[in-house]
Amino acid sequence: MDFKEKLVSSFLAFEEEYTGSNDDLRNIRSQAIKDFETIGFPGKKEEAYKYTSLKSVLKEDYNIFPKGENSLEYRDIQKYLIHEIDTYDLVFIDGVYSSHLSSTTHDKIDACLMSSAINKDQYKPVIDNYFNKIAPKNGLNSLNTAFTKEGAFIHIHKNTMADKPIQIINFSTGNESSLFVQPRNLIVVDENSHCQIIERHQSLTEQPVLTNSVTEVFADKRAIVDYYKIQNDNLSASLIDNTFIEQQSESFCSVHTFSLGGKLTRNNLNFYQKGERIDSTMKGITLIEGKQHVDHNTLVHHTQPNCESHQDYKGIFDDKSVGVFNGKVYVDKIAQKINAYQSNNNVLLSDRATINSKPQLEIFADDVKCSHGCTIGQLDEEALFYLESRGIPKKEARGLLMYAFANNVLESVKIPEIKKRINKLIAKKLGIELGFHL
Amino acid sequence: MLKIKNLHASIEDKEILKGIDLEINAGEVHAIMGPNGSGKSTLSSIIAGREEFDQTQGEIIFEDTEISEMDPDERAHRGIFLSFQYPVEIPGVSVTNFIRTAINAHRNANGQENMPANEMLKKIREKSEMLGIDRKFLSRSLNEGFSGGEKKRNEIFQMAMLDPKLSILDETDSGLDIDALKTVADGVNSLKSKDKSVLLITHYQRLLNYIVPDFVHVMVDGKIVKSGGKDLAKELDERGYEWIKTEKAV
């Protein structure tokens, strides 16, 4: 039985154990499993998966329902959190909520669990309005929807500034054999509200782990959402991240993705602009080696006039690692005066490393500014000589130059502790020592 | 300290240095002057170990050791410093972080531990004060958005921090106004000592009013064609380089 068949046949057992009372959701899930059965996993023949084959990660015999409860102590996981600042934490272990590691809130904002949100009447209007509304119907999204059980539910009420950032951390432990997890997050930010989200998937086992995560984000008028994805998982863990963001007028949303680890990582990131004067920002640093594979697949759909989008992805690839960047910008006919910028710059450190970079601009309006640029290069020899002439050995000099190359992506990070953490992770990977300040 | 014998070098099969002989003793200040394209900058780069140039003949001996095969960082550890004509910008790496990395690389190469933070801070303060460098400047990204004068002053700051035996200043005066030039020259002069040597590469005599050389060499078409004392620089400034070319032809 292949993985797809296993999932489809597991659905009945999942339904029987499922204690939810929401009939609407039950119908959505039943439809979703049918869709998954029809569509299946994306194959290499699909244009969007031409350079990223899921074959190698789908061949494992994953456990779909983790047995028993796995617990972790705070001291074991502290280093994976941004613990230097006060945050709300939503911690999941093997897909199950961990109450003793989490801190939730219902004070002006709701930062809690999907499982409780879908079962309580008070959240029903939000679930009805927003759940599964913007994730496009495809194999991976439908699969996630069918098995919707747990994840983060975040609702920032009108005119509210979340008092601290919210961390969503998914751990996989080594207690099971290989594991398949599907977090489902819903983030609704009402008018004039603001929140910052930090997300991380972390495997604590050498066993294979595959995560198929779906996150829907709704930013209402003048809302501000800053989303940080820290991807530094171990080499037996793979991640398919599907994040969809719908924005209303004058909202500002940014997503920073730091891809420094994992076996295979695919980021599907879509922005749908539904009003005017919207800003959508996507930035990323990819720094991988060995046989690691990171794919950024972005889409910005400009449907209304006077909006902006900014994309800036930097990649450094060593050994036989593979990078993919596919950035699509879609401008509707009525969406005049759009400014859309896209840049993807890459450094290949080895002859066997690969980057496939493909900008795709589909513009139907005639008064827009769209720019895209893609570079693939090696390190600047003159700069390398400058550093070496100061006594810095070649290896470290290369590290410093790579650090400098990726650094400007961090400028727009608004939480200094994240900036520091990423700086540290990058410096460590590059074998350089930094962090000395006057 | 430095002995260069019959040095030939080329880049992509084009010969740029055509037999250079030069000897610099401890405590001496030498200046190499010459028209554009004569090979002055190539000479300075090749002493510091730039790999793009192919050293086809000759020897470079630094403190009795042939260094032609050494990497640039190893030459730096032995005490050679090159101040660049166009210092490179390194975004995201502060001047302080950079100099700390460089100093510790020197120390590690000589079997020493990293410099303790307080000692480093003290040294940074001392040298930056000496060169009139603002503390804020030190936390800025290396050379990023620096003016021409700031870049050159930063080069001299690094030189002061690394305390080299042989300092090569490649066109350090270019792009500097008179005040910046004075500050840079004061910095270099304050670092002079009887066991340190300086090699100035310059197009104009101007810098030599402030850093007075013991010897002046004129380089034309990849060769040193005339050597003399500091008065030679003045003569060059008044008469240009043509007369030397003519004299040589005769």
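A salt bridge here is a side-chain nitrogen of Lys or Arg within 4 Å of a carboxyl oxygen of Asp or Glu, and the count between chain A and chain B is three. This is a predicted model, in which local features need pLDDT of at least 70 and side-chain atom pairs count only at pLDDT 80 or more, whereas totals for chains, interfaces and linings use all residues. Residues are numbered from 1 along each chain as its sequence is written, and side-chain values use heavy atoms, with hydrogens and water left out.

Select B:Arg50 and A:Glu382 to begin: they form a salt bridge whose closest N and O atoms are 2.4 Å apart. Then show the whole contact (heavy atoms within 4.5 Å), which takes 25 residues from chain A and 42 residues from chain B.

Next, colour the open sheet of chain B, whose four strands have the order 2-1-4-5 with antiparallel pairing; strands are DSSP runs of E of at least two residues, helices runs of H or I of at least four, numbered from the N terminus, and two strands pair if DSSP finds at least two bridges between them. Strand 1 (residues 2–11) of chain B pairs with strand 2 of chain B over eight bridges, and B:His8 can be picked out opposite B:Lys18 in strand 2 of chain B.

Finally, move to helix 3 (residues 95–109) of chain B, where 13 of the 15 residues are buried, meaning under 20% relative accessible area with a 1.4 Å probe, protein chains only.

Definitions and conventions: Chains lettered and ligands numbered in written order. Buried < 20%, exposed > 50% of the residue type's maximum accessible area, 1.4 Å probe, protein only.
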